[in-house]
Amino acid sequence: STGSAAAVPINAEFDIAYVTPVTLGTPPQTLQLDFDSGSSDLWVFSSHLPTSQIRGQEIYAPNKSSTAKLLDGHSWSITYGDGSGSRGNVYTDNVTVGGLMVERQAIECAQQVSSSFTSEAHIDGLVGLGFSTLNTVSPKSQLTFFDNAKGALDSPVFTADLKHKQAGTYDFGFIDKAKYTGEITYVPVNNDPGYWTFSSSGYAVGSGNFSASPISGIADTGTSLIYLPTAVVTAYYRQVQGATNSRSYGGYVFPCSATLPSFTFGVGEARFTIPPAYMSYAAVTPGSSTCFGGLQSSNGVGINIWGDLALKVAFVVFNGGTPPTIGWAAK
Ligand SMILES: CC(C)(C)S(=O)(=O)N[C@@H](Cc1ccccc1)C(=O)N[C@@H](Cc1c[nH]c[nH+]1)C(=O)N[C@@H](CC1CCCCC1)C(O)(O)C(F)(F)C(=O)NCCN1CCOCC1
């Protein structure tokens, strides 16, 4: 079997996250979920939430699904890198993504969400695509949608074709040759503790020479920006007039009028260049002439993250075979 579904940017100005329609239960309830290779819980806004915590999101009501079953005595609680979080109880039900159905998928129903989730009306929950070792359900941890689907897939892979300010796709079970050019460069994945961790072969700033130094980081569809070691980030912002690392804004900012260099990263012998226009994330406050950079230091994060800003200049194959690998191709 295979599946293919759209990945739609939630914000017209900046690609801060992408959501994908997912149908749950019988009759089908469709929610817009953020596919996140940086975590491994499938959780949704649900009928168990206080209405004060719901502001425009779609909800999943298990009691309206004839195929929903309570996973008795199980609960979950998750906190993300940006401090947001949610917790609740667990049901199993049918979950369909782009024509691919998994029966008895653990659906983690929110009973509480943090304020940043309440204020993000476009995200009705997450589909974790990390390794199931990161799943937070207790006392028995649950498998991700991908792990549940894997055995039935034509090939044990999913691919991300994220795009700049337009809808891309997540495909399951096959590699669509029409979505990339040239060859796919595969590199090993270290799935301990449960991220898609791989080693980049280095970087270049603008037209500068390529610095061939390995950078270990996670491929994370659920993170908007890129978080890399300070040495890389200072080398980049040294080329940006007026750039400073702002404590008040929590990262590198610069005058929105500044000329930005491109940023190139390596995967094996392959090279991927992020154009200057993509490297400015947003004005620090609406209308401000100070802009926040798309490349930030991983110092405060504790892990290097290749988020949507990097993923959207490539076609990426998450290969869940044995051993797992990750493939990057131009497009
Ligand atoms: C809001 C923003 C300024 C544009 S942002 O850059 O912060 N973007 C957010 C994502 C977002 C977009 C739109 C609206 C709201 C939130 C972002 O990039 N958040 C990262 C930032 C980060 C990471 N590290 C340090 N900072 C994050 O937490 N991403 C997680 C998924 C997010 C969570 C909020 C909602 C959207 C999806 C993540 O899963 O990708 C993660 F990997 F970073 C993470 O936190 N994984 C949790 C791993 N745990 C390990 C222990 O077991 C349980 C799972």
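The model is a predicted one, in which local features need pLDDT of at least 70 and side-chain atom pairs count only at pLDDT 80 or more, while totals for chains, interfaces and linings use all residues. Residues are numbered from 1 along each chain as its sequence is written, and side-chain values use heavy atoms, with hydrogens and water left out.

**The ligand**

Select the ligand together with its surroundings: 24 residues surround it, and the closest are D36, G38, G81, D220 and S224, where a residue counts as near if one of its heavy atoms lies within 4 Å. Next, look for polar contacts, here pairs of N or O atoms within 3.5 Å; within protein, one atom must be able to donate a hydrogen and the other to accept it, and residues adjacent in sequence count only if both atoms are side-chain atoms. At G38, a backbone N or O atom lies 2.9 Å from a nitrogen atom of the ligand, and at T223 a polar side-chain atom lies 3.3 Å from a ligand nitrogen atom. At D82, a polar backbone atom is 3.2 Å from an oxygen atom of the ligand.

**The nonpolar cores**

Now select F172, F263, F265 and W328, which touch the most other members of the largest nonpolar core, a set of 70 residues. Such a core consists of buried Ala, Val, Leu, Ile, Met, Phe, Trp, Tyr and Cys residues joined through side-chain atoms within 4.5 Å; buried means under 20% relative accessible area, exposed over 50%, and partly exposed in between, with a 1.4 Å probe and protein chains only. Helix α3 (residues 230-237) gives the largest share of this core, five residues; helices (H or I, at least four residues) and strands (E, at least two) are DSSP runs numbered from the N terminus. A second, separate core has 19 residues, including W43, L49, Y80 and F117.

**F263 and strand β13**

Return to F263 and show its contacts, meaning heavy atoms within 4.5 Å: beyond its neighbours within four places in sequence, they include Y203, A204, V232 and W306. Then select strand β13 (residues 202-205), which runs antiparallel to strand β18 (residues 263-267) and is joined to it by four bridges; T264 in β18 is the bridge partner of A204. In β13, G202 and A204 point one way, Y203 and V205 point the other way, and all are buried.

Colour the four strands of the open sheet ordered β16-β17-β21-β20, where the pairing is antiparallel; two strands pair if DSSP finds at least two bridges between them. Its edges are β16 (244-246) and β20 (280-283), each with a single partner strand, so one side of each has no neighbour in the sheet.

Another open sheet has five strands in the order β12-β14-β23-β15-β22, with mixed pairing, and its edge strands are β12 (197-200) and β22 (295-297). Within this sheet, β14 (residues 215-219) and β23 (residues 305-306) pair in the parallel sense over two bridges, and I218 has I305 as its bridge partner in β23.
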